[in-house]
Amino acid sequence: MKIALIGATGFIGSNLLNEALARGHQVTALVGHPEKLAPQANLTAVKADVNDTAALAGLLAGHQVVISAFSGHAQSDVYGYYVAGVKSIVAAVKQAGVPRFLIVGGAGSLDVAPGLQLLDTPEFPAQWKGTAEGAREVLKLLRQEPDLNWTMLSPAALIAPGQRTGKFRLGTDQLLTNAEGKSEISVEDYAVAMLDEVETPAHARRRFTVGY
């Protein structure tokens, strides 16, 4: 499958790249610094600016799927930078006529109780609020999108380097926790769940989540 991966050098994006290549897909990595990616079979690294919608659309054309692992962690205005960037990406996907769009979501917009999302709990870390609020706003925008065939995958509350086990649970809008009450997923297994969705679509025009 021909996959365009935006943000392929980031924490989650690099794991998505590894998983996609391991499965034999042809991947175009759209990144700010292509020189960071070592040459590999089935990999084309291209410099891209997500805010240049027209140029991005040209780079996305001809792909079967776009996966966005774009983030604004390094920016001073995380929320504004992220939301503007995703709006441009969505517009570019539509202009390019790519039939499917998958995006890395956040755990903050998952429900922990009726009417209460993780982001709105007192325990939510302040340093991640900008990112989480941006991801929640993007989910709202996608749910209002009339034409785009989108899917968002939200991780568990803690996503960290670990093992690729291939053993996890999927959910929809509720935060998944294990028997000890912890909400965790390895970034490697997150990538497995995302590429499973690429290969076998099961959550068209909706958000889902993954956790142990």
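Me: Hi! Which handedness does the crossing of H1 and H5 have?

Reply: The crossing of H1 and H5 is right-handed; that word applies if the near helix is turned clockwise from the far one by less than a right angle, and left-handed if anticlockwise. A quick note: this is a predicted model, where local features need pLDDT of at least 70, side-chain atom pairs count only at pLDDT 80 or more, and totals for chains, interfaces and linings use all residues. Residues are numbered from 1 along each chain as its sequence is written, and side-chain values use heavy atoms, leaving out hydrogens and water.

Me: Thanks! At what angle do H1 and H5 pack?

Reply: Helix H1 (residues 11–22) and helix H5 (residues 187–199) pack at about 60 degrees, and their axes are 9 Å apart. Axes here are lines fitted to C-alpha atoms, for helices over the stretch in contact, with angles running from 0 to 180 degrees between N-to-C directions. The helices are DSSP runs (H or I, at least four residues), strands are E runs of at least two, and both are numbered from the N terminus. H1 and H5 are therefore oblique to each other; under 35 degrees is roughly parallel, over 145 roughly antiparallel, 65 to 115 roughly perpendicular, and the rest oblique.

Me: How many residues of H5 are buried?

Reply: H5 is mostly covered, with 11 of its 13 residues buried. Buried means under 20% relative accessible area, exposed means over 50%, and partly exposed lies in between (1.4 Å probe, protein chains only). Among the buried ones are Tyr190, Met194 and Leu195.

Me: New topic: where is Val50?

Reply: Val50 is in the loop between strand E3 (43–47) and helix H2 (53–60). Val50 counts as buried because its relative accessibility is 9%.

Me: And what is Val50 in contact with?

Reply: Setting aside neighbours within four places in sequence, Val50 is in contact with Ile6, Leu56, Phe70, Gly85, Ser88 and Ile89. Contact means heavy atoms within 4.5 Å. Also, the C-alpha atoms of Val50 and Ala84 are 9.1 Å apart, while the two residues are 34 apart in sequence.

Me: You mentioned H2. How do the axes of H2 and H3 cross?

Reply: The axes of H2 and helix H3 (residues 78–96) cross at roughly 50 degrees and come within 8 Å. That makes H2 oblique to H3, and their crossing is right-handed.

Me: Which residues in H2 meet H3?

Reply: Thr53, Ala54, Leu56, Ala57 and Leu60 do, and their partners in H3 include Ser88 and Ile89.
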